[in-house]
Amino acid sequence: MNTVNMTIDGIKVTVPADYTILEAAREARINIPTLCYLKDVNQIGACRLCLVEIKGARALQASCVSPVGEGMEIKTNTEKLRLARKQNLELILSNHNRECTSCIRSANCELQTLCNELGVKEYSYEGSKTESNVDDLSASIVRDNSKCILCRRCVATCNEIQNIGAIGVSMRGFKTTVGCIYNKSLADSPCINCGQCILACPVGALHEKDSIKDVWAALNDPTKHVVVQPAPAVRATLGEEFGLPMGTSVTGKLVASLKRLGFDKVFDTDFAADLTIMEEGTELIGRLTKGGVLPMITSCSPGWIKFCETFYPDFIPNLSSCKSPHEMLGALIKSYYAEKSEIDPANIYTVSIMPCTAKKYESQREELGDDGMQDVDAVLTVRELAKMIKSAGIDFVRLPDENFDNLLGESTGAGVIFGATGGVMEAALRTVYEVVTGKTLENVDFNVVRGIEGVKEAEVDLNGTKVRVAVAHGTGNASKLLDMIKNGEKSYEFIEVMGCPGGCVTGGGTPIISANVHAYINPKIERAKALYGEDMGKTKRKSHDNTEVKKLYEDYLGDIGGHKAHHLLHTHYVKRNKY
Amino acid sequence: MIRSHVLICAGTGCTSSGSTAVRVALEKELVRKELDKEVKIVQTGCFGLCALGPIMIIYPEGTFYSRITPEDIPEIVEEHLLKGRLVSRLVYDDIGEDTVKEEGKPVSLNETGFYKKQKRIALKNCGVINPEIIDEYIAMDGYAALGKVLTEMTPADVINTMKESGLRGRGGGGFPTGTKWQFAANSISDKKYVVCNADEGDPGAFMDRSVLEGDPHAVLEAMAIAGYAIGADEGYIYVRAEYPIAIKRLQIAIDQAREYNLLGKDIFGTGFNFDIQIRLGAGAFVCGEETALLTSIEGNRGEPRPRPPFPAVKGLFGQPTIINNVETYANIPQIILKGAEWFSSMGTEKSKGTKVFALGGKITHTGLVEIPMGTKLREIIYEIGGGIPGGKKFKAAQTGGPSGGCIPASLVDTSVDYDSLIAIGSMMGSGGLIVLDEDDCMVDIAAFFLKFTVDESCGKCVPCRIGTRRMLEILERITSGKGEEGDIERLEELAQHIRATALCGLGQTAPNPVLSTIRYFRDEYEAHIKEKRCPAGHCKALARYTIKADACKGCSLCAKKCPVNAISGELKKPYVIDQNKCIKCGICMESCKFAAIEKK
């Protein structure tokens with residue numbers, strides 16, 4: 001590796017030659033303030049906060065885009081720089097909706113933090129503001145451009161990482177805005193509702209469509225029987241909202257807090273994950289043995305589903321017909337559970353706690369319901385749940401651990417790992433292997449499909465039949481994989497796709513991490529550890545060992561993939577136009 | 001047998017003033033008089049004297065006719081072309097005030113005040129050849145430079161010649177062309193590009209348009225030479241879509257050059273391949289910034305990107321690229337043919353050759369001029385430009401467009417070259433030169449140019465997007481009479497901040513019009529702020545209309561005309577204007593028959 005020697009604030013450093021000055025400064029343990037920069041996502045030098053002085057250079061340079069050079073002498077902390085950064089910050093503030101106290105990102109706002117750190121004490125450049133509007137027509141995402149600071153982190157995420165391009169930059173100069181083409185709403189765009197833009201936003205310009213009010217209303221309604229289910233990734237991320245270290249598993253406290261919020265039943269989406277494996281695994285074996293459409297592709301991620309319907313409709317026949325796990329559970333709560341507990345399903349209100357914003361959109365899809373009732377009535381993100389817990393005065397961190405309710409509350413380790421990229425594939429392989437070979441799987445860890453590489457591949461020997469599998473996370477990586485399949489470069493039998501990079505643990509509904517933390521810590525890795533840890537701790541780690549699942553088939557559904565299962569647990573897809 | 005050539009300007013300026021109708025009328029008249037076999041009409045590019053268009057020159061006499069209408073054509077044909085007599089009422093023979101005209105002797109074009117101090121290199125063929133016929137270009141030694149380069153010179157020779165000539169970029173930056181080529185030649189890559197920046201966007205500037213309209217092959221030839229020098233086989237011309245004539249002629253030129261195998265594969269049988277494509281800009285000023293231009297060619301929103309990496313290392317589609325301006329290219333074939341020494345013998349120590357300027361504003365000869373570097377501003381304005389019309393006083397010259405600044409009358413003897421202009425707070429820019437007289441308010445001029453940048457900022461970086469807007473708000477506050485103590489200092493502070501921190505050259509130079517007007521006309525700013533007075537009488541909000549009691553006859557006409565009933569009085573006694581009601585529309589002053597109303 002080529003390296004260069006340079007000095008930053010008098011500190012000698014030797015860094016790789018392809019580093020930027022910002023990266024080099026971080027090696028030297030110097031923090032240069034940044035705002036538009038987001039590691040691996042956005043490096044455009046637009047906000048002009050990471051300015052540095054380079055000896056011999058004419059103007060101040062943005063360190064996030066300036067390459068290092070041999071013998072460079074850099075200053076990062078001079079009076080001139082402190083003033084220039086502060087002035088740019090004040091200019092940003094002069095065109096920013098500063099209703100901070102009521103802002104969804106209050107206390108978790110990178111702009112606010114920078115103002116504190118750089119000592120902004122007055123508004124020096126008051127003036128007119130760019131005309132803006134609030135787009136709240138999407139089922140999942142709200143954009144409030146009065147708060148947008150045009151850092152373009154959302155644009156880079158949507159275009160470069162997710163390969164969607166629903167949003168871009170329009171107009172010029174002071175009129176510049178971020179939005180959809182022809183000023184359309186996100187609802188009328190090819191947006192897949194993944195919410196990765198929300199995670200990228202340093203301020204309050206993007207947030208999920210609020211469902212808190214609806215859920216409180218249902219909880220306060222004595223005629224409603226409110227049933228809740230949290231997704232696997234919720235237990236791996238919720239703790240961060242209460243100051244617990246990233247990667248802390250909070251399953252027991254999660255259940256306890258949901259009960260204290262007043263939910264009548266707390267079931268587990270992990271149960272439905274195990275159930276998904278039964279249905280999806282059977283579907284795969286069917287396609288393998290009866291000559292069905294291959295490769296089969298998983299269907300748990302609603303962002304990925306809309307992406308496939310919109311951008312790769314040729315692959316719709318490849319999608320598993322299984323509903324996503326929480327939709328399966330929603331359907332069962334309003335049928336199986338309603339019947340067992342003798343409650344009129346019309347009075348049941350189902351709430352899903354999801355690491356996901358696309359689930360909000362998904363829950364409104366017409367085909368995901370029965371008799372005019374939607375399977376899932378409301379979807380809360382992890383962030384929304386945290387707000388409810390806080391506003392209810394629940395001391396989350398000191399809560400005792402409690403258990404999910406019976407009937408739809410048991411899960412295996414296979415269900416837990418659904419929240420990380422590769423998890424669905426691994427869970428499926430654990431079951432499919434034993435079903436096809438009839439042998440017991442001794443080592444259930446398929447490490448080859450774990451980790452955060454964009455596209456992972458493996459080959460599994462099922463009694464002499466080689467099954468080629470691939471895992472992609474993030475729709476950008478999914479595009480690459482599908483293009484290779486289209487071109488004939490690659491061929492597989494089974495593919496897992498999750499719409500968000502890293503899978504559900506870093507889904508659009510999870511706690512937002514500032515760019516500064518991103519620079520040093522990878523939440524895709526840290527959060528997944530919580531799930532794999534929980535999997536390790538489980539005595540049952542294969543979905544087909546779930547006794548409540550077995551009982552469900554015996555008592556209610558009948559055959560796996562049978563008629564009743566099909567009616568409640570499977571769905572269909574439609575080709576969508578981009579506009 | 002052709003005995004006369006009639007050159008008619010078909011550039012944008014003369015086309016706008018009606019040269020097409022003149023040409024059609026001439027064609028018909030020649031047929032009617034059965035002269036169409038003897039007289040040849042040549043549609044040329046711009047002659048430069050746009051203010052006097054449509055323009056026609058008849059050879060072999062070299063008679064220069066100006067402001068021709070189709071109605072003049074029968075007389076020109078009858079008198080000049082048939083009888084050989086000048087139509088003197090249409091002849092342009094202004095030789096300037098300081099020269100005595102000899103009675104009866106026809107004035108040649110080069111003797112006129114407008115042309116005699118010019119030196120036409122980039123504009124050599126403009127107004128001389130038909131740009132839509134490649135043979136006419138070839139007849140003027142066209143493509144001889146490319147032939148020489150490919151058969152007699154190594155790429156290193158070409159680059160050395162460029163370096164020795166001292167040619168600097170004519171687009172505004174003034175970077176040495178040879179050095180730029182050297183960087184690109186040094187970059188190792190299988191694929192390199194040559195790009196021509198024809199996205200001319202400064203208000204009032206049309207130098208590049210005239211070159212493209214009048215001599216497109218010179219640009220193509222130079223780009224091929226550049227391709228040979230750096231090892232590129234593909235070129236792009238990025239031209240703004242608002243230049244339809246230039247685009248049409250460029251495409252004709254490219255097609256003809258391909259037909260003659262002067263573009264394409266194995267040019268001159270030397271194995272050198274080079275071809276050129278046109279890309280149209282969609283009206284964004286910022287796309288004239290080189291990295292934004294490249295981004296736009298790539299199909300993305302035209303926005304600057306950080307340098308380094310410079311285009312010579314990582315340019316178009318990530319490959320080493322040189323990007324030069326139209327006028328820069330237009331010099332190159334002649335430098336190759338006549339040698340670096342010939343070129344560097346013109347101009348000043350650090351600014352060699354000539355520069356084309358588009359003269360505009362309060363000047364008699366609006367149009368296009370090419371002058372040796374180092375010519376005094378005074379010569380341009382008073383001798384070539386014919387001075388200020390209407391006997392008004394020269395106040396300042398604005399050069400460099402929205403990135404440039406104002407040169408006050410006190411510095412009218414400044415030498416026009418890159419470094420002298422920078423030293424006085426302006427810049428050469430691409431060649432717009434707007435003349436201002438005593439009626440122009442310098443605060444308003446600063447606001448005009450800044451508004452242009454505010455509207456045209458790409459919106460990417462904070463200081464340019466928001467900072468220039470805040471500066472404009474302060475300026476508009478001042479010109480509307482709401483200026484506050486400290487506004488000048490606020491402007492200066494923001495200007496220095498934007499200059500130091502904006503992402504691209506356009507942003508960094510955006511405050512220049514404000515800084516230079518503060519530097520030379522601070523008293524005007526102060527008058528607006530402290531006295532609520534516009535010394536030039538230009539700012540409407542600061543104007544004050546009053547009725548001179550001794551001149552007012554009390555006729556009541558002004559009171560009747562006033563749209564807001566701000567004027568009152570008794571008949572036959574002096575009327576008065578209520579300043580609180582007055583909206584400063586000026587109707588009273590126009591309507592007064594006794595000149596009793598004055599504006600201060």
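Student: What makes Lys572(B) count as exposed?
Tutor: A residue is exposed if 12 or fewer other C-beta atoms, placed from the backbone, lie within 10 Å of its own, buried if there are 20 or more, and partly exposed in between. Lys572(B) has 10 C-beta neighbours inside 10 Å, so it counts as exposed. This is a predicted model, in which local features need pLDDT of at least 70 and side-chain atom pairs count only at pLDDT 80 or more, while totals for chains, interfaces and linings use all residues. Residues are numbered from 1 along each chain as its sequence is written, and chains are lettered from A and ligands numbered from 1 in the order in which they are written.

Student: Where is Lys572(B) found, and what is its phi?
Tutor: Lys572(B) sits in the loop between strand E16 (567-568) and strand E17 (576-577) of chain B. Its phi is positive, about 65 degrees, although the residue is not a glycine. Helices (H or I, at least four residues) and strands (E, at least two) are DSSP runs, numbered from the N terminus.

Student: Why does Asp9(A) count as partly exposed?
Tutor: Asp9(A) has 14 C-beta neighbours inside 10 Å, so it is partly exposed. Asp9(A) belongs to the loop between strand E1 (3-8) and strand E2 (11-16) of chain A. Its phi is positive too, about 50 degrees, and Asp9(A) is not a glycine either.

Student: How do you know how H10(B) and H13(B) are oriented to each other?
Tutor: Look at the axes of helix H10 (residues 216-230) and helix H13 (residues 326-338) of chain B, which come within 8 Å and cross at roughly 75 degrees. Angles under 35 degrees count as roughly parallel, over 145 as roughly antiparallel, 65 to 115 as roughly perpendicular and the rest as oblique. H10(B) and H13(B) are therefore roughly perpendicular.

Student: Which residues make the contact between H10(B) and H13(B)?
Tutor: Two residues are in contact if their C-beta atoms, placed from the backbone, lie within 7 Å. H10(B) contributes residues including Ala218(B), Val219(B) and Met223(B), while H13(B) contributes residues including Tyr329(B), Pro333(B) and Ile336(B). Eleven residues of this contact are nonpolar, none is polar and one is charged. Here Ala, Val, Leu, Ile, Met, Phe, Trp, Tyr, Cys and Pro count as nonpolar, Asp, Glu, Lys and Arg as charged, and the others, Gly among them, as polar.

Student: What makes chain A as compact as a globular protein of its length?
Tutor: The radius of gyration, taken over C-alpha atoms, is set against the globule rule, 2.2 Å times the number of residues to the power 0.38. For chain A the value is 25 Å, close to the 25 Å that the rule gives for 579 residues, so chain A is as compact as a globular protein of that length. Chain A has 20 helices and 20 strands, and its C-alpha trace spans about 75 × 60 × 50 Å along its principal axes. Buried residues make up 54% of its 579 residues.

Student: How many residues of chain B are in contact with chain A, and which helix gives the most?
Tutor: 25 residues of chain B are in contact with 28 residues of chain A. H18(B) gives the most to that side of chain B, with eight residues. The residues on that side divide into eleven nonpolar, six polar and eight charged.

Terms used:
Axes fitted to C-alpha atoms, helices over the stretch in contact; angles between N-to-C directions.
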